[in-house]
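Please look over the model below with these notes beside it.

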Amino acid sequence: MRSFLSAVFILFIYITSSAQSHLLFGEWKSYLPYKSYKISETENKIYCNSELSLYSVDKEDFSVDIFDKTNLLSDVEIVQHCYDSFNNQLILIYKNGNIDIISDDKI
């Protein structure tokens, strides 16, 4: 009986650990709020920002790209963004005064 309970316990641990995220060691997953504060539109994308992140929706295939401090942005607490159509770049302004300029998914 004791070995049976041990086997069930080990099986339970294995199942719950394999059900965890598929992230590798050193990778991050963000769980951020996505309530939109400001929306900007370009020819092929719509940009929305929340306080902690920025996301874009492609107009053709409706795919969503999420940008935050773990993958592209240099800060948090976005207070404003605008799209510069002349230079094809997105300008982000943070609460502490920092500014990010994103062009072709590069800062």
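1. A salt bridge here is a side-chain nitrogen of Lys or Arg within 4 Å of a carboxyl oxygen of Asp or Glu. The structure holds three of them. This is a predicted model, where local features need pLDDT of at least 70, side-chain atom pairs count only at pLDDT 80 or more, and totals for chains, interfaces and linings use all residues. Residues are numbered from 1 along each chain as its sequence is written, and side-chain values use heavy atoms, with hydrogens and water left out.

2. Lys-59 and Glu-41 pair through their side chains at 2.5 Å, N to O. Lys-59 sits in the loop between β3 and β4 and Glu-41 in strand β1 (residues 38-41), so the bridge ties together parts 18 residues apart in sequence. Strands (E, at least two residues) are DSSP runs, numbered from the N terminus. Glu-41 is exposed at 53% relative accessibility; Lys-59 is partly exposed at 30%. The cut-offs are under 20% relative accessible area for buried, over 50% for exposed and in between for partly exposed (1.4 Å probe, protein chains only).

3. Lys-45 and Asp-65 form a salt bridge at 3.6 Å, N to O. Lys-45 is in strand β2 and Asp-65 in strand β4, 20 residues apart. Lys-45 is buried at 14%, while Asp-65 is partly exposed at 31%.

4. Lys-95 bridges to Glu-77, with the closest N and O atoms 3.7 Å apart. Lys-95 lies in the loop between β6 and β7, and Glu-77 in the loop between β4 and β5. Lys-95 is exposed at 60%; Glu-77 is partly exposed at 29%.

5. The largest pocket holds about 300 Å³ of space. A pocket is an open set of points on a 1 Å grid over the protein atoms alone, where a 1.4 Å probe fits, with protein on both sides within 12 Å along at least five of seven lines; lining residues have an atom within 4 Å of a point. Of the 13 lining residues, the closest to the centre are Thr-42, Asn-44, Tyr-47, Tyr-83 and Asn-88. β2 (45-49) and β6 each give two or more residues to the lining.

6. Asn-88 also has a positive phi, near 50 degrees. Asn-88 is in the loop between β5 (78-84) and β6 (89-94). Phe-62 has a positive phi too, near 60 degrees, and is exposed at 62%. Its place is the loop between β3 (54-58) and β4 (64-67).

Technical notes. Helix = DSSP H or I, 4+ residues; strand = E, 2+ residues; numbered from the N terminus. Points joined across faces, edges and corners; volume = space filled by probe spheres on them.
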